[in-house]
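Thanks for asking me to look this one over. Here are my notes, in the order I would go through them with you.

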Amino acid sequence: MTDRDPHSTWPQIANITAFLGTLVLGGSLLLLAPPGGGEVSEDEHRALAPAPEFTPAGLADGSYTDALGDFVADHFPRRDWLMALHFWIKDHHGIHDERVALYDLVDAEGADLEGAGWDENTPPPDQWIDLLGASDAAADEQPDPPDMVLAATDLDGAPDEEAAGADPAHPRVRGIVQRGILVSEGRAMQLFTGRPKGSPAYARAINGYADALAGKVDLYVLIAPTAQAFYLPDEFARYSKSEPANIAATHALMRPSVKIVDAYAALAEHTDEYIYFRSDHHWTGRGAYYAYTAFCKAAGLQPVALAAMERRSLKQFHGSLFRLTRDAQLLASPDTVEYWVPNVETTTSRYAPNALKTPFKSKLLFERGAGYGVFLGGDAALMIVKTTQNVGRRALLLKNSYGNAFSIFLAAHYEELLIVDYRHFRGSLLGLIEEHAVTDLIILNGTITANAAYHIARVAY
């Protein structure tokens, strides 16, 4: 029998020791150091996992250990620093040149960006076919565009050697697509996959309100385009569908009594201005203002001039699209949040989803808020704004977060403004309209969510 060389076991012992030492050190840091991450991750725009409560049943079925793993992952010491390091390494991995890389075109509905949540009042997906209609459901089953992986090629599929000889006066646009998000020249954009024939399901949801409120309430509909409708480079046009065509086709399916707000045309006149964030999926306060002027045109109102309101701003804002991509271009060029203070006295109340009879004091602008949260302080099931305007008009704005910046300007035209976020509101919208003698119902949605089954199901009353 051959004796084993004792020196051959030392590398194994060293590996085992290093592995166990790492586990012990990590566990000690987790127990002794302050938890990392807090309760909410501002970068990831989500609540972090809480510490689980131990139960024998949870240990037996594995739910306790699963929850414990989530807690450890979310609260490991120096978590934010380690995540930043992870994304830095990922961004600098491999050889980098000026080629266009396209990959990971998934989740194009964008529901995660608009906070699609689930509860007992949300129709399950298998019931959406009843809500939306068989024809729409069948269309939604069409295959997604293929994964776009064109490493080492230019946009037309030409080899890099050919592309390298292109006219230097017309450099290729550098872009990266992640999860249906294009980053090009320091701007992030969601790619749009809606059909050019519009969103019949969304039109039906709107027509339901038109029929129920006919002769009682003026109904306005605003479909907000996203940044790619104006800033998508021509080189990437074949990877996205036309938002203006989808918006126009959806409008054409609505009842003649519906008053259309043409936000696209209003914004198209100001594309050289700061109307969309570069790192976030929302329009800016300035972009929301131009959409507001389009609403005033449809409603026969005189818009308040920007110059007549005080402009304020917050700097160093990295938005939702940066949080998803961690793109270095976006990190190097943070956004600024512009907002204007309306020249009207307001008293604002805020209501939680399950406490619609219990108001607490709020305000239109949270000037110490973070980023887009300046507008309304974020999303709420219901906000009621009372003003000193004795004009005999009361409005209800049914919206998702695109409506937050837009709503600020409406206060100048109504004696009462109800702001309802359809993702969180759990009451009767028609009952609310009747209770507050609403004269104007304004329904605002983005193009992506106006074509998304979850959002349409939530908008429909």
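This is a predicted model: local features need pLDDT of at least 70, side-chain atom pairs count only at pLDDT 80 or more; totals for chains, interfaces and linings use all residues.

1. The chain has 461 residues, and 47% of them are buried. Its secondary structure comes to 17 helices and 16 strands.

2. On the contact pattern: take the contacts between residues at least 6 apart in sequence, and 74% of them join residues at least 24 apart.

3. A helix pair to look at is α12 (residues 285–299) with α15 (residues 402–410), whose axes come within 8 Å and cross at roughly 55°. An angle from 35 to 65 degrees falls between the roughly parallel and roughly perpendicular ranges, so α12 and α15 are oblique to each other. The crossing of α12 past α15 is right-handed.

4. Which residues make that contact? From α12 they are G285, A288, Y289, A291, Y292 and F295, and α15 brings A405, F406, F409 and L410. Sorted by class, the contact between α12 and α15 holds nine nonpolar residues and one polar residue, with no charged ones.

5. For the strands, have a look at β11 (residues 346–352) and β12 (residues 355–362), which pair in the antiparallel sense over four bridges. One of the pairings to find on screen is T348, whose bridge partner in β12 is S362. Together β11 and β12 form a hairpin, with two residues between the strands.

Technical notes: Residues are numbered from 1 along each chain as its sequence is written. Side-chain values use heavy atoms; hydrogens and water are left out. Axes are lines fitted to C-alpha atoms, for helices over the stretch in contact, and angles run from 0 to 180 degrees between N-to-C directions. Angles under 35 degrees count as roughly parallel, over 145 as roughly antiparallel, 65 to 115 as roughly perpendicular and the rest as oblique. A crossing is left-handed if the near helix is turned anticlockwise from the far one by less than a right angle, and right-handed if clockwise. Contact means heavy atoms within 4.5 Å. Ala, Val, Leu, Ile, Met, Phe, Trp, Tyr, Cys and Pro count as nonpolar, Asp, Glu, Lys and Arg as charged, and the others, Gly among them, as polar. Two strands pair if DSSP finds at least two bridges between them. Buried means under 20% relative accessible area, exposed over 50%, partly exposed in between (1.4 Å probe, protein chains only).
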